[in-house]
Amino acid sequence: MASLSEEVLLVVKKVRQRKQDGTLYLMAERIAWGPEGKDRFTVSHPYSDIRCQKISPDGKAKIQLQLVLHTGDSTTFHFANESTALKDRDAAKELLQQLLPKFKKKANKELEEKNRMLQEDPVLFQLYKDLVVSQVISAEEFWANRLGGVNNGEPAPYNNKQEVGISGAFLADIRPQTDGCNGLRYNLTADIIESIFRTYPAVKQKYSENVPHNLTEKEFWTRFFQSHYFHRDRINTGSQDIFSECAKQDEKGLKSLVTQGVKNPLVDLLSLEDKTLDEGYGISKALPSTSNANKSVKESSNSAIIKRFNHHSAMVLAAGSRKGDLPTDQASETSSTDGNSRDSDFFQPPLKKVKLQEAIEYEDLQRENTPKTVALNLKKSDRYAHGPVPLQSQQYTTSQDIINSVSYIQQEMANYKPNLTRVLSSTAATSAIAALSPGGVLMQSVGQQSINQMVPTDIQGELKHLYIAAGELLRHFWSCFPVNTPFLEEKVTKMKTNLERFQMTKLRPFQEKVQRQYLSTNLTGHLEDMFQTAYSKFHIWQTRRMMRKT
Amino acid sequence: FRLNIEGLLVYFPYDYIYPEQYSYMLELKRTLDAKGHGVLEMPSGTGKTISLLSLIVAYQRAFPLDVTKLIYCSRTVPEIEKVVEELRKLMEFYAKETGEVNNFLALSLSSRKNLCIHPEIIHANIVVYSYHYLLDPKIADLVSKELAKKSVVVFDEAHNIDNVCIDSMSVNITRRTLDRCQNNVDTLQNTIHKIKETDAAKLREEYRRLVEGLKEANVARETDIYLANPVLPDEVLQEAVPGSIRTAEHFVGFLRRFLEYLKARLRVQHVVQESAPQFLKDIFDKVCIDRKPLRFCAERLQSLLRTLEIADIADFSAVTLISNFATLVSTYSQGFTIIIEPFEDRTPTIANPVLHFSCMDPSIAIKPVFQRFQSVVITSGTLSPLDIYPRILDFRPVTMASFTMTLARTCLCPLIVGRGNDQVALSSKFETREDFAVIRNYGNLLLEMSAVVPDGIVAFFTSYVYMENIVASWYEQGILENIQKNKLIFIETQDAAETSMALEKYQEACENGRGAILLSVARGKFTILARLEYLRDQFQIRENDFLTFDAMRHAAQCVGRAIRGKTDYGLMIFADKRYARSDKRGKLPRWIQEHINDGSLNLTVDEAVQLSKHFLRQMAQPFRQEDQLGLSLLTLEQLQSEEMLQKISQMAHQT
């Protein structure tokens with residue numbers, strides 16, 4: 001059989017599909033059917049592709065099981081073993097019933113993800129319409145290298161919406177304004193409320209406890225702004241205040257943050273000193289009394305402000321990184337067990353070791369082994385830093401200057417020695433010069449501006465779609481090179497057909513349409529070029545392949 | 001790779017080397033060759049530690065008879081651990097290069113828990129531990145007493161070494177100390193009684209030993225076996241313990257009398273300051289205690305505790321403290337001052353008398369170290385002005401050098417901001433520091449900088465109280481709110497755990513790109529007036545010179561942390577118009593000073609912001625190893641070229 005490594009859960013013989021006898025296999029991840037006497041499957045569906053199964057009603061002559069796929073296609077199996085047909089079918093049905101839900105989640109997630117991507121990205125959606133709906137390529141091919149993120153758990157930038165962080169100053173953004181009659185107006189936006197909730201979960205809890213059954217939303221926020229909780233530099237917290245509990249919770253949170261201690265031993269001030277002097281020794285500084293009893297009101301208010309800033313910043317920081325934080329924590333934990341087991345004779349927490357290594361590292365003293373990158377070579381870094389500066393009139397040159405510089409350039413040219421290892425081929429150079437000379441392709445007086453004006457917007461839009469779709473197809477095509485597996489061989493051939501089909505069904509009609517509208521500019525020349533390049537590449541590859549085979 | 005430092009083969013565990021590392025090693029080798037002491041300044045981030053280790057280890061291997069041991073002292077636990085890590089790296093490199101398993105024994109003491117490792121210390125080739133193990137006589141006597149004379153001692157991060165010395169020799173006595181001491185004395189008395197009944201012979205044996213005197217210790221010192229203990233003065237060694245305190249009972253009685261006297265002295269209404277001789281005269285007048293038995297007090301107590309076989313010495317810390325005080329006050333007629341205060345400054349209504357016995361002369365504690373060990377090297381990123389350290393520590397160095405940081409691009413930008421945009425002078429001097437306009441201008445400076453500087457800013461204040469006040473008024477003026485729009489704010493508190501948390505969060509915010517500001521306090525030790533007078537009279541250092549030196553070394557310490565290495569970059573903003581004066585900025589380390597030009601003096605906030613913007617944009621350009629090579633980073637071939645060697649020696653000789 002095709003793949004023996006798979007676990008086969010159920011085998012049902014004498015199952016007909018498309019009027020052919022065969023055997024049905026239910027495997028760990030897919031259902032498959034192969035015709036009698038052949039050792040390969042002609043039907044194979046991963047469970048995740050199956051939307052649902054249907055069975056023929058009891059009492060019907062044919063005992064059947066139908067699988068409906070997410071794509072809308074369906075496959076019907078006919079259980080033909082006269083004596084056990086019903087039993088066979090039910091066994092298969094039962095097993096599928098157990099298996100499908102397990103894969104459904106994954107499939108649904110994938111589908112949802114695809115759906116979401118299409119909704120969020122109109123360009124992608126258009127591309128999907130152009131390529132898949134018009135059947136230039138199959139849906140599978142379309143998603144093949146787009147959905148990498150969903151399957152590998154490595155989110156591609158566009159299918160993971162970046163979460164917006166919290167401004168550190170969101171409380172300050174609520175500028176109170178006097179409303180003219182002895183009151184204050186606070187401007188609250190949904191963003192600010194969101195920020196408050198994310199930073200101070202205690203407030204969110206109060207909110208969900210009290211709104212709307214005890215307080216209206218407005219009352220809630222009014223109280224919030226009146227509370228000492230908001231004006232934290234005021235000291236006494238009234239017991240009436242519904243937010244006094246929040247303050248206590250914050251206090252607790254801060255305390256637990258502090259007692260948790262720090263992970264990086266290099267910033268742990270508690271264990272900094274190897275040996276503090278024994279009691280009674282040392283030049284004594286008047287030790288600050290930490291008890292609140294003999295602190296003035298002003299002092300304790302000041303320290304309340306300081307505490308508040310630290311807490312606020314810590315909370316904002318935590319709210320911003322809450323999502324990504326967990327996995328790294330786990331990672332550091334697992335690595336910690338690794339480290340300990342490896343050198344148990346010399347016990348040192350790995351994080352500490354890492355931090356120490358980091359601290360003593362001189363990266364520039366070591367040979368670089370990072371890949372070489374091309375650095376921007378700036379002739380005038382000032383202009384890069386400040387942007388172009390308009391020429392001052394006095395910087396304009398006199399005609400004498402111009403003559404001088406022309407002769408200087410002539411001289412330079414006379415002495416010019418080409419760096420032969422780094423030059424373009426002469427044809428490429430000529431074509432580049434031609435393209436950049438007046439009248440050349442890139443220097444036509446009909447600039448982009450005028451194309452904009454000459455070509456109606458709908459045509460422009462259509463052209464854009466064509467470009468995107470063609471680009472996508474070509475991307476698929478070129479990604480097959482170098483063709484070194486049978487799969488790629490198959491794909492590249494298919495892609496070439498796809499390209500041709502696209503040219504026929506999409507590009508041709510568009511060209512005709514453009515001609516009909518008597519637009520003189522050759523809008524599709526470049527597209528055609530791209531197709532031709534692909535074809536010739538394909539041709540070369542094919543001839544080589546033939547030669548190798550013969 | 002391997003280096004040739006004036007004929008010494010040095011293994012250096014990196015592929016490249018900074019020119020200043022080469023110069024540093026050269027200077028260090030000359031110090032060792034001369035068997036003398038050295039003062040070396042080299043910026044942090046230029047690989048000072050690895051240069052030191054590489055050279056001294058190489059020296060030890062080449063001349064095992066001349067240098068038997070390296071004693072490496074650093075200040076904090078993380079620093080000690082870093083040194084150990086670098087040493088490990090070096091040893092791995094040796095193993096790899098030479099192919100032989102190293103028989104070097106290195107030992108690090110980074111916690112009091114693993115004390116009492118006497119034999120290991122004696123046999124280790126390298127010992128890494130905290131300053132206190134060498135400078136605090138109480139610990140040095142236990143740990144470092146028997147270290148060989150032919151050792152090289154390195155004090156890294158030594159910019160505050162004088163304060164460590166002073167701290168280790170100073171004593172404070174409160175009523176609580178005296179009460180606990182009273183209990184100790186009672187316990188001693190009871191124990192003596194018990195022993196007398198059961199084992200009187202033991203006490204007689206002790207008496208006999210005391211008549212013999214401390215001759216044994218004296219022999220040891222004269223034959224140079226031990227590191228001297230400043231609490232055990234020479235005179236004590238030559239004489240027998242005076243008869244008045246020779247028997248155990250007499251000694252306990254003597255302690256009681258001394259204790260009563262101290263209790264009486266603590267009953268004061270106003271601040272009293274006196275010198276050691278004045279104190280001795282007073283104690284003789286009042287309770288007839290002579291100078292001589294006082295001097296023997298510490299040693300006599302140790303002997304008694306040994307005789308009584310008291311296991312837990314920690315319980316007797318109070319009586320030990322008092323007897324140490326007795327010995328010190330009677331031994332040193334100079335270099336100490338006694339101040340008795342009836343209450344704390346902040347709480348004048350609560351009586352809490354304290355007797356401060358303050359050491360003013362750091363050379364007392366470090367003297368045995370300089371005398372005993374062949375080479376002592378004092379080094380740090382900031383030791384300027386270099387010549388003041390030999391003066392206050394009273395030693396004669398054979399080498400003194402300050403190395404600058406060779407840079408392929410100017411990656412540090414010191415700016416002196418002297419005015420606000422409103423032209424009001426910016427200064428934290430006492431007269432104007434509470435000025436509304438000054439506080440606002442400081443706030444504006446921080447606010448504007450928070451908008452320009454990527455990632456992190458640390459702002460240092462002169463004291464905690466001052467920072468608290470400024471934070472409160474910035475809060476009222478809405479400045480902090482505006483800063484929050486750019487950066488998160490973390491503030492140091494008086495609680496170490498809370499501050500650690502803030503520090504870690506600050507780092508996290510800088511690393512993840514969020515950006516943060518840390519408001520912190522530059523912890524200067526306040527210098528007592530008496531010390532200034534002492535410095536003037538004893539070492540001819542004028543009060544103002546010392547204060548400036550003290551202030552500038554703290555400033556240098558603060559800004560010196562801005563860059564971690566040559567690939568890093570940082571702004572250093574001195575926000576006080578006083579820094580613009582040449583007598584002040586002239587005391588900054590050379591590697592900072594040489595980047596201060598006339599264009600960076602007495603700037604307004606706006607000007608500073610413009611310069612910062614320009615600097616930061618330049619720093620944002622890619623910086624690669626190739627850019628450094630041949631200038632601030634050398635390959636072995638480059639280092640060996642005649643031209644480069646000349647250039648390096650030229651640079652080094654600018655000092």
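Between chain A and chain B, 6 residue pairs are in polar contact, both partners at pLDDT 80 or more. Bear in mind that this is a predicted model. The two chains also share 1 salt bridge, and together they bury about 7,700 Å².

**Links across the contact**
- The salt bridge pairs A:Lys307 with B:Glu498, and their closest N and O atoms sit 3.7 Å apart.

**Chain A's side of it**
- Five elements of chain A each give two or more residues to the side touching chain B: helix 5 (170-173), helix 9 (244-260), helix 10 (297-342), helix 11 (350-360) and helix 12 (381-386).

**Extent of the contact**
- Chain A brings 76 residues to the contact, and chain B brings 92.
- Of the area buried between the chains, 57% is on carbon and sulfur atoms.

**A look at A:Glu6**
- You'll find A:Glu6 in the segment before strand 1 (8-17) of chain A.
- A:Glu6 counts as partly exposed because its relative accessible area is 23%.
- Leaving aside residues up to four places away in sequence, A:Glu6 touches A:Met27 and A:Arg30.
- A:Met27 lies 21 residues from A:Glu6 along the chain, yet their C-alpha atoms are 6.8 Å apart.

Methods: Residues are numbered from 1 along each chain as its sequence is written. Chains are lettered from A and ligands numbered from 1 in the order in which they are written. This is a predicted model: local features need pLDDT of at least 70, side-chain atom pairs count only at pLDDT 80 or more; totals for chains, interfaces and linings use all residues. Side-chain values use heavy atoms; hydrogens and water are left out. Helices (H or I, at least four residues) and strands (E, at least two) are DSSP runs, numbered from the N terminus. Buried means under 20% relative accessible area, exposed over 50%, partly exposed in between (1.4 Å probe, protein chains only). Contact means heavy atoms within 4.5 Å. Buried area is the accessible area (1.4 Å probe) that two parts lose on being put together, summed over both. A salt bridge is a side-chain nitrogen of Lys or Arg within 4 Å of a carboxyl oxygen of Asp or Glu. A polar contact is a pair of N or O atoms within 3.5 Å; within protein, one must be able to donate a hydrogen and the other to accept it, and residues adjacent in sequence count only if both atoms are side-chain atoms.
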